[in-house]
Structures are given as C-alpha cells and as structure tokens.
Number of protein chains: 4
Amino acid sequence: MQASVYRLTMSHPGDLSELAALFESGSLDPSHVIAVIGKTEGNGGVNDFTRGYFTLAFATLMAGKLKLDIPQVIASIPCILSGGTEGVLTPHYTVFARSPASAQPDGKRLAIGVAFSVPMLPEQIGRQAHIDAVATAVQAAMADAGLENPEDVHFVQVKTPCVTLPRAEEATRRGAQVLTADPGRSMAYARVAGAFGVALALGETTAAAASEVAMFADYGIYSSRASISSGVEIEANEVIVLGNSAAWSGDLQVSHAVMQDALDIGAVSHALADLGIPALPQVSAQDAPRLRAVFVKCEPARAGKIRGQRHTMLEDTDINAQRHIRGAVGGLVAGVTGDTRLFVSGGAEHQGPDGGGLIAAIAQV
Amino acid sequence: MQASVYRLTMSHPGDLSELAALFESGSLDPSHVIAVIGKTEGNGGVNDFTRGYFTLAFATLMAGKLKLDIPQVIASIPCILSGGTEGVLTPHYTVFARSPASAQPDGKRLAIGVAFSVPMLPEQIGRQAHIDAVATAVQAAMADAGLENPEDVHFVQVKTPCVTLPRAEEATRRGAQVLTADPGRSMAYARVAGAFGVALALGETTAAAASEVAMFADYGIYSSRASISSGVEIEANEVIVLGNSAAWSGDLQVSHAVMQDALDIGAVSHALADLGIPALPQVSAQDAPRLRAVFVKCEPARAGKIRGQRHTMLEDTDINAQRHIRGAVGGLVAGVTGDTRLFVSGGAEHQGPDGGGLIAAIAQV
Amino acid sequence: MQASVYRLTMSHPGDLSELAALFESGSLDPSHVIAVIGKTEGNGGVNDFTRGYFTLAFATLMAGKLKLDIPQVIASIPCILSGGTEGVLTPHYTVFARSPASAQPDGKRLAIGVAFSVPMLPEQIGRQAHIDAVATAVQAAMADAGLENPEDVHFVQVKTPCVTLPRAEEATRRGAQVLTADPGRSMAYARVAGAFGVALALGETTAAAASEVAMFADYGIYSSRASISSGVEIEANEVIVLGNSAAWSGDLQVSHAVMQDALDIGAVSHALADLGIPALPQVSAQDAPRLRAVFVKCEPARAGKIRGQRHTMLEDTDINAQRHIRGAVGGLVAGVTGDTRLFVSGGAEHQGPDGGGLIAAIAQV
Amino acid sequence: MQASVYRLTMSHPGDLSELAALFESGSLDPSHVIAVIGKTEGNGGVNDFTRGYFTLAFATLMAGKLKLDIPQVIASIPCILSGGTEGVLTPHYTVFARSPASAQPDGKRLAIGVAFSVPMLPEQIGRQAHIDAVATAVQAAMADAGLENPEDVHFVQVKTPCVTLPRAEEATRRGAQVLTADPGRSMAYARVAGAFGVALALGETTAAAASEVAMFADYGIYSSRASISSGVEIEANEVIVLGNSAAWSGDLQVSHAVMQDALDIGAVSHALADLGIPALPQVSAQDAPRLRAVFVKCEPARAGKIRGQRHTMLEDTDINAQRHIRGAVGGLVAGVTGDTRLFVSGGAEHQGPDGGGLIAAIAQV
C-alpha cells in the first residue's frame, strides 16, 4: 500500500476543478481517494456554510465518478473542512489517496486510515458518550491504516457534530437535555470531546483523567496530535489518522510538534527539521516542493496574556477570537514555510497546551 | 543630547497609568517627552475612537504636569496612534524623550526630531499640496533632530488627517471639491500623500515621479522608511523622525529593512541583525531586554496573491483587509522577536513594495 | 396563463427540502417553475457564498426533476439571490410558477416574465454596454410576460455579474481595462447599470440621462421598480419582471411604492393598501395569509444623515453599510407586515431616491 | 422641583460641544445636571471604549464648570451609556436636569431621581448580592425623586459593572470565585441581576422568584420598566429613575409599554398614545417637537424564531446578536417616531418578555 497527497487550491468553495482535472488527466484514480482535509474561506463559525458548499460540490463530483449517490459519498469518504483563511492563508484542500504499492517498502512511510463513528444524538455532544465514540473511531482508523503503535501516529484529524438550535429543540421534544443550546459553545465542547477521545486512543492520558469534569478545567490534559473541527453539517464523527509505517511504501513521511504558545516558532522549525527540511529562517526554494502539506491547530491564550503581555482576542465583539488566532499563527507559519497553503485551524482546546497548539507536516523523503 | 525610549502598556485606551507612574517616581521628567507612537485596540478604521480617547487621556495627563491646557499639549507633542491589535498584538505606546547628554557621544546613537505642518484643508487631502506639506515637515523634523544626511534616517512616522463627511460638506459649502468624500478611501490617499512626502524629503524619489498620478498606479515609487497613519482626529500632519547621529549620546540605535512581501521573515531577521541581535529562529531571552521598540508597516497584496497563491483579504466583507494583514504580519514578527508589543500598522500603500512593507527597530547597543 | 407564488423557508443555504416536498406531493409541477427570488443568510458581499451554495442545491434538485444537467438549469431558470438576513429577517425563497389558466381572466392579475442577456465581459461591467444589455433583457422579459404597457410593470428583479480579481486579470491579459478591479465597487457599478437599464426599458428616463456620467452623480435618475443584485457567481444578466395583466388569470396581484428614505413607513402602508390590506399599525391576523411576498430595496443615505440627523453606517469599519441598512429597514417593514419573511436587499443605488428605495408586494385578491 | 430634558447630538464620542454651548449661553446651569443617558457609536460589547471616552470628556467638561476633580464628577452624576447605533440610529445623549419649580404643580409631571450603590466585588457580579444592591439603589433613587408609589415609576436605567479578565484575576488572587470570567457572559449576568433588582424594588416580583436560579431560566420573571446596561468602565451600580409625580411641576411626562416581541409596533404606538401623540403610521411634523426622548430595550428571541419564523441573529459569528437586534428594532421605532435619535439598547434579558423588551418615552404635555 502507498499513500499519495494532492494539495489543490480553489477559486471559491464550490470549485473542485483542480481535482476534476486530476481525474480527467488520469493522474488520480477516483476510487483511490480516501479522505479530504480542506480550508475554506468562511468565518469558521456556526454560520459558516462554505464547508457545506464544498462538501456538496465534492460529493457531486465523486458521485459522478464512482457511480454512487451523494449521500453514499458523504458516508464513505471523510471530507473534513475547517473554515477561516484569515490573513495570508489560501483556501485549499488536501486529497489523500491510497493505492497498491508500486515498490517494496524501504523505511517508514506515510500511512493513512479513516473511520466514521455512529451518529451522535444532540444530548451526547460534548459528553462522555462523545469522548468514547471518538476514541473508538480513532482505533478503527488506526486499524484501517495498519498502525499498531500509537507512537507512529503523528496527526489525527476529527470532524465532529455540534448542537444547533433545531437539534436542541428536537432533543427537548424527546425529553433529553443538551449540554448547551448555544451553538458556539456546543462546538467548543464537541472539540474537547474529540480531543479527549484522541488522547485516550493514543494513550496520551487515561479514561479517568480525560473525563467531562476536566473539560475547560484541567488544561494539562491534552492530545499532542489531535486536530478537531466541529460543524453543523454532520451528525457522526469522522476520523483521519496519519502516521508512518514500515508496511507502507511511497516517498512521504509525516512529523509533528507541540506549540507551547502562539509565538512558538521553534516548534515549526522542529517539525520541519524532523523531515529534513531546514528553515533558516525560511524553507529554501529547493526544499519548498518537498513540503506537501502542513496542519496547525491554535488557540487564544485563555488568561488573556501571551508571555506576560495582554492580548485582545477574547474581549473583541467585532472579530471572533478564533479568527484572530488563525490569522496570527497562519502568518507566523507561512513566514517559516514561505507558502500560504496551510491548514490553520482554531478551536484547539485540549489540543496542545492552553494558548498553544500543534503542527504536523508531510514531506517527500 | 540623548534619546530615551519607554515602551509602556495600557489596560484600555484611556489608561496612562504607566506613564503617570514614571512621572511620579521621577524616572522621567515630563518636560523631556517629545513624542508618542502607540497602538490602540480599536479597528483602525474611520470609526476607531480609541485613538482620540488615548489622545485626550494623554493630553489631560501632560497638561497637568506641564501647566498647559489640553489644546496646547496636542499642538506641541506629536501623539501618533494606529488602531488595531489583531491577533497576538498588545496595546502599548512608546514614549520618546530627549534630554541633555549624560556622556560624550561615542559612535552614532538614536536621534529624534519632530515637526507639525500647517493644517490641511479637506480639498488638499491626498493631493500635491498634501505631499508638499509632508515633505516640508519631514525636513523640519530632520533639522530638529540635527540629522543632515537622509541616509542616517531609519524611520519616519507621520500622522495625517483625512476627509470626514462633515469636512467634505464644509468644503462643498465653500465651493471646494474634495478628492473623495468616502472616508476610508480618503484615509488611503492621505497615507500615500504622506509616503510620497517622506520619499521626497529623504531623496528616495523625485518630485516628478512622486506626484498625484503615481498614487495607486506606480507601486515602484515608495519610501522604505515611511510609516503613515491617517485619522479623523487631527487636521495637521504630525511627523516624528528617527535616525542615528554622531552628535547624540545615549545607548540606543535604530535600524530598518524593507519587507518584500507579507512572508518576508528574512527582513525581520535582517533589521535585528543590524542591531546585533540574532534570531535563530527567535530572539533569545538574554537579548530580549535590549530590543526596545519595533515598528512595522504592511499591506495586503493588491493582486490578490502572495507568492502565486490566492489570499482572501481583499474580498472579505466581514473583516477589513487591513485588520487581516496586521494580524498575520504581527503574528510573524512576534514569532521572531518573542514579544507581542509591536507597532504593526496597515495601510502601507507606497510604504515599501506593493504587498510588502517595512520594519524598523530600536535596541540598546 | 396564470401565476403561482410559493414562499418557502430553508434551514441553511443548501436546504431545498420544502420545494422538494412540493414536487413530491404533486402540489407543484417542476416544469412550471420559471424563476426564484431568494434571501440567503450570507453577508451579501463579494465573499458571500451562500448564494452559490443555494444555486447549486437548487440546480441539482431541478436537474433531477427535469432530466437536464446542472448548467442547463442554471441557464434557463433565473435564480436570483440576495445575501443578508440581518436583524429579524428570515432566510427564504419565493418560487414563481406559470401554468395554463384554470379559469377565465377576471381583471388584471399577476403576470411573470423572465429573460437572460448575453454574458458580460469584465470590461463591460458598469458601463454603457451593460446598461443596454439589461434594458434589452427587461424588454424581452416583458414580452415573455405579455406585458406591453410599462405602467403595468411593478417590479423588475435583475441579477447582474461583477468584476472579480481573476476576471480583472483575465481582461488585463486581453488588453482590456475594467472600470474597477475592486470587487465591492464593481458590484455597486453593476447595480447602477442594472437600474439604468430597467429605467430605460420602463420609460422612466431617457438614454441621454441614464448614461455612465450620471452614475453615482445624478441621484434624481432612478427606477422606481428596479431591484438589482450583483454577485460573483454569474456572467449574464438575469431578469424577472412582475406586473399585472388582463390576459392572465389566477388570484394574485402585485403593487409597489417608492420609499423616500429609510423611515418611510408610509410607503409600506401605501403598497399594502393598494392590495386592499390595511396596516394600522400592523397587518391583521386575518389579512396576513393573503400577503404572499414582499420585496424591498434600501440604501444608506449618502450624505450621512437621515432627516437631518447623523447616521454611522458609512463610517463603520466593522459592519458593512449594506448590512446595517438591511437590518434597519427589515425591522421596520416586518413591524408593519408582522412577518419576517421579507426580501430586503441593500445596494439600492439609483433604485428609488438616494437614501430611500422601493417596496413591492404580492397578495391574493 | 421641576425636570428638564435636553437631547443633544455628538459628532464623535468625545464631542460634548452641544452641552458646552448650553452652559455658555446660560440656557442650562451646570449645577442642575443630575444624570446623562447616552448612545455612543461603539459596538456595545466588552471592547467598546466609546463609553469610557464620552465619560472622560463629559467629566472633564463638568469638572471645569463645577470646580470638582474628574473622579468626583464620575462619582456624583450617573452618566449611563449604551454602545451601538446600528442601522439608522443617531449617536446622542439626553441630559437630565433638576431645578426649583418655576410654577405650581398642575397634574403629574416628570420626576427624576438618582443613586449609586456601593462598588461590587468581581465575585458578586451576577449573584444575589448584586440583585440586592441594585434593589436598594433603586429605592434610594425613588426616594431621591420623591416617588413613593412604584406605579408612578415608568423607567429605571441602571448601569452595572461586569467582570473583566484583570478583575477575575484579582478575585482569584484573593481566593474568591467569579461567576464567569468570560466578559461577554459576565455582562449578561450583570444585566439580569440589575433587572431582578429593579423588579424587586418596583414590586413586580418577589425576592423568592427573582433569585439566581431564575436567571436565564424563568423568562416569565422580568421587569417591565428596567433598562440595564453593563460595562467594564464602572465598579458601582448607577441608577436613574424616571416617573410622574404630582409634587413636580414642569411640562414633561413619561410613559412606557412592554414590547411582546421585536415586531411589536403596537407597543410603540401605545407608549406614544399615552402621551397624546398619535402615529398613523408616523408621528406628525407638528407633534414631533413634543417628543423629547425615547428609550427602548430589545433582545433576540432565544428560541431562534420570531412568530414561528427562523432568525439568524444567534448563530452569526460575524455580527454580534445584540448589534443585529438593535439595528432592527431601531429601524422599526424610528419609522414610527420619524426620528433616529433613539436610545435602543440590547441585552434585554429579563427586561420585558423573552424576545421582546420595553419602550419608554418623554414628551411635552
């Protein structure tokens, strides 16, 4: 088995022309596509419909190619999108493909696995059942990739549902009680449930520690490899696992590093150095083509300060705090990589340390 | 003569308590204060009143100390503020003071000069008379600093008025015609007039080249050392010039570098290296206290692309493009300096190359 | 011939379930659908992708029903959307259908016609060729409706393309020059071209008066029945004409009134009174079901004042002025109708008097 | 005793020129000023500094006139500001003055009283101690106005402090626990505490009912005459009570009405009719000068629907829900009054029914 990665750009959230061109030219077999992680240009919040728009356009394209109907595509290929390309970021999507090995394995290479959980009920969102469902799905995705050792896992992308006003109403009619009917807060709790689920599956913490009471309370409990997005457009958890495995061939590898805070440029250098790419201070023109994808999670420091100095992200009524932090960390990472096609996602609660986050990168060996 | 620089933070735009404390403790003589450059936490646009609020609070404090009335303070001490602390940036202000030399000059040291132009009429804003008024004021500020050689000038901060709806009406009543009555566009033209004025005074271009027709047309004409802010709250151009001079003593120096685009991390390293401060990839804890102030201008690339990849700043109806770019470039520079107390200002039209900008820094020798 | 009107709501911009249900139940024959006018919950600006998302979902549904492909649907059924449901407004869409008469005509009844122009080149947008193309298309739509007398036309909805950065580049490559490459300004010019085209077709002005030079200059030149939206997602002008005709049967009529300013509640009452619906001060519960659709255009007063008092819409960097005015006028009209399913669209330049706009309503006789 | 009311406009939040002019001309004796209620053009959120700016400018003016220092003015004259002039609203402020009666009382006339509570500790904000402190202050303000019968009270404006990040930290250092450290949520709880305090003082509810557990839970418990604003800039509760009293002379009266929802145009008509001012549909040019001030509280319906139709205010990441509702209700009320100088304030939790609010008006007899 070998993994391929295609980083494609779009001119608007419904523009799948670059993927269609890969299919047309025969460069990529549609049946090899197993997952998509993308960055669309919406606001990243509850009313960000660029994610749903891209998903509909993607599913329409794939349905035509695979002779499936649209719901079948959506239920079988995780398409995980994060809204928000603040600052210098470029709307783009990374297509992951899996195909028979064209050569013998030679060292550890990029391995990819995917899984879907059962649909979540609104009243489960952000609670123990949610944590458990994600943990189970991550294990399924690791098995799908043939990754047995959690140490070999470098990045786990999860998309998780949240409570919307209609879903909250529906639950109330059934006599169930949602954790919160505020969609923005629900998205936050859903992300933490996802992070705890990943941390459990990777053995980064214990079930006793990563429980409901630790949410937004004990920030020492986090996953160093989880990237969780939440959105109104899905009902089940979707999981994509990236790791390195000696059973896979190809020429790609993945690395990761923890960002201690929003200024942790050292973590960026470190993740790239692990792939043999120096950045002094920027990735060189020769190395740039080897760098095939970068994924970043970040979060405004909750105490309102970065290295002792006040920031204003959390008290801003005009611009959502997640939009602020994506723009800033995106600017930093793009300065190091010299490329604006970065997946930078906010809402990193319990994904890396408080006020920090994590970075993962895929490069050609 | 020697220059001192105090980088102070505020808990809100009317909070001058740190400056008041310097006065109370005798650390700073109020009569030595000659200029302020600050970053307040408003939106940086026409309706950013954090600048006026800070100015009123500053003038009230100084009026009490200097036994002047508030308008006298405002007319004699340039207090130049730029709104917008997007992302990681910290609201803060840098106070510039000038005092008799405490030691013999020993090499070139930081020199500071200030000047005010005559008030601009609304119909002059963004036109030739505006360019000329700024050029004259820059020369006056250079003379005030004793800086004869334009090569010794590293940073020129200008605050320039713009047209508001009431001012446009007033002009119309007089039969005069403003360049534009749209306040946002007027601010942009005012910034270009300021940039051209600085470029002329520093000999970076010729009067023939830096004319009205080149505005927003020939982006090859720019100043590499001009930082222009525009605001509704003033009527005259205010100028602060920073350079290095063998006639000044003290222990401070200033440097600058041009940023070719929003990812130009090399320019940041370069400006710091000129001050003997390495950043590999970040300024060390030992060097950090030596770095006393950083000033950055930046601007979203007009063609909608950065190094060939699309950005979304110019097509965003929700967040102003200047807010986007300040957040991104602020994130990058803070990653290198390890400090969020940065003056990062948008609206860098013709201040550095299109889509780029400039950086200046002050450090202890 | 007779016209039907279906006012449907959506839970998100891709939700066509109510229309699908009408088809499923046999209440509406898909082949009778001739046009859609809708209000989606985006920001109404250049980066509002809710319009494209709805259009894709609508075209997918219709393509399945009509055995056409998606581009054929888009090229044959005008689907005109305006983004922005600020304040109390409800995302919804009105489906217009045309079917054989079920009874003899009895008085003037609602007549509907549609037309498409040829695609516009980027360099034509906002210029004379654009005005002319819209005028021709309006005449075609009137002919399609069998409306000969312009006095019988009460509402003309036009969707018109604008210049985007890629289109501007494409034009530049061909040596052509766009009026403006700023997408927001291009949308504004495109709306004026549309308004002038309608005014010409309805005989409200002359070709000499409604020319390029009058744009944003002579606000006395306007259409009292034009509603123009502009968007990045189309290339040709799309026109829907609503009038009353003795040749049509059915039980619907349309009326309109000009709003002199944003406070012109009298115009709202007037338009409803013409349909025999009093509002003292609100439409009664008995009359409410008769009111089947309401269309409003509005615009922030350019001089910055409403009845002599300052407004802040045009100087706001945080919220786009069009979002402000839609929210305010939507609140006013909803208070009179008692219903939030209103099409309230900003960008009413030269559509009604400056700072005002227009209202049209459809009701059961 | 008699009350006067001056409705003044400002060109920016630091512009007190109209009040200064009243003092200069001798029209108003500075020592008669007892309170100010104003609407500034900020965002109305935590980072709205237009309130602090106005307060500093007002206190500076009054300090000069009254030979007090600035803190003394702030501690003796309630200056209650609400940020946000979305849509058609005009930034303005109403100055309340109290002077010896110039004639015998003749029927009930406008009576005004003010009071300050003790400063609140951060951990008290939004809790029982906060409710009680407001109730006590309202009773003190009623006594100050000589209003004994709660039925004679028509409007109670309260400004109440909230928790900021520094205040939360300070409390934590003392071992105290704040209700919430999220400033936006703290403002909301503070408003409810204020509303419950007013309801208790006016006998609209019981202490058992208006307790902490009812906050954001039992929306049947509300005050029909409370208008609460919350802001970072104060530490004590400030109260202004408006009523009608036979002991006061002058020519002004105050009325109020409850708005059942955001479309309740009937309540607006009703409040005006109580003052003898018809609005069919708009206040006439003759009556307009009699209407001297209008105060409105409003709130987005929590269930996401208005009269059964979805609204999008609560799921919008770009525009704060309070900004949406102020714009919409402001548009409605301005349409009825024909005047944009309205105090329309969001955050009406438990001030009128859920999704509704209240209106009060002052007019000349």
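Arg302(D) is partly exposed, at 28% relative accessibility (buried means under 20% relative accessible area, exposed over 50% and partly exposed in between, with a 1.4 Å probe and protein chains only). This and the other values come from a predicted model, in which local features need pLDDT of at least 70, side-chain atom pairs count only at pLDDT 80 or more, and totals for chains, interfaces and linings use all residues. Residues are numbered from 1 along each chain as its sequence is written, chains are lettered from A and ligands numbered from 1 in the order in which they are written, and side-chain values use heavy atoms, with hydrogens and water left out.

The side chain of Arg302(D) meets that of Asp354(D) in a salt bridge, at 3.2 Å from N to O (a side-chain nitrogen of Lys or Arg within 4 Å of a carboxyl oxygen of Asp or Glu). This pair links distant parts of the chain, 52 residues apart: Asp354(D) is in the loop between strand 13 (343-345) and strand 14 (357-364) of chain D, and Arg302(D) is in the loop between strand 10 (291-297) and strand 11 (305-306) of chain D. Helices (H or I, at least four residues) and strands (E, at least two) are DSSP runs, numbered from the N terminus. Asp354(D) is partly exposed at 32% relative accessibility. Arg302(D) also forms a salt bridge with Glu299(D), at 3.0 Å from N to O, and Glu299(D) is buried at 5%.

Over all chains, the search of the whole structure finds 72 salt bridges. In chain A, Asp152(A) pairs with Lys108(A), with the closest N and O atoms 2.6 Å apart. The two residues lie 44 residues apart and link distant parts of the chain, Asp152(A) in the loop between helix 4 (128-145) and strand 6 (153-161), Lys108(A) in the loop between strand 4 (92-99) and strand 5 (109-119). Asp152(A) is buried at 16% relative accessibility, whereas Lys108(A) is partly exposed at 40%. A network of salt bridges links Glu86(A), Arg323(A), Arg326(A) and Asp318(D).

Arg326(A) is also among the residues under the UniProt annotation "binding site", from an unreviewed entry, together with residues including Ser82(A), Ser230(A) and Ser345(A). UniProt positions are given in the numbering used here, feature names are shortened, and annotations may be inferred rather than shown by experiment.

Ser345(A) is part of strand 13 (residues 343-345) of chain A and is buried, at 2% relative accessibility. Its side chain makes a polar contact of 3.4 Å with the side chain of Ser82(A) (a pair of N or O atoms within 3.5 Å; within protein, one must be able to donate a hydrogen and the other to accept it, and residues adjacent in sequence count only if both atoms are side-chain atoms). Beyond its neighbours within four places in sequence, Ser345(A) is in contact with residues including Lys39(A), Ser229(A), Cys298(A) and Arg326(A) (heavy atoms within 4.5 Å).

Ser230(A) belongs to strand 7 (residues 226-231) of chain A and is buried, with a relative accessible area of 4%. The side chain of Ser230(A) reaches the backbone oxygen of Thr160(A) at 3.1 Å. Apart from its neighbours within four places in sequence, the contacts of Ser230(A) include Arg51(A), Lys159(A), Cys162(A) and Arg191(A).

In chain D, Asn237(D) is placed in strand 8 (residues 236-245) and is buried, with a relative accessible area of 0%. The side chains of Asn237(D) and His130(D) are joined by a polar contact of 3.1 Å.
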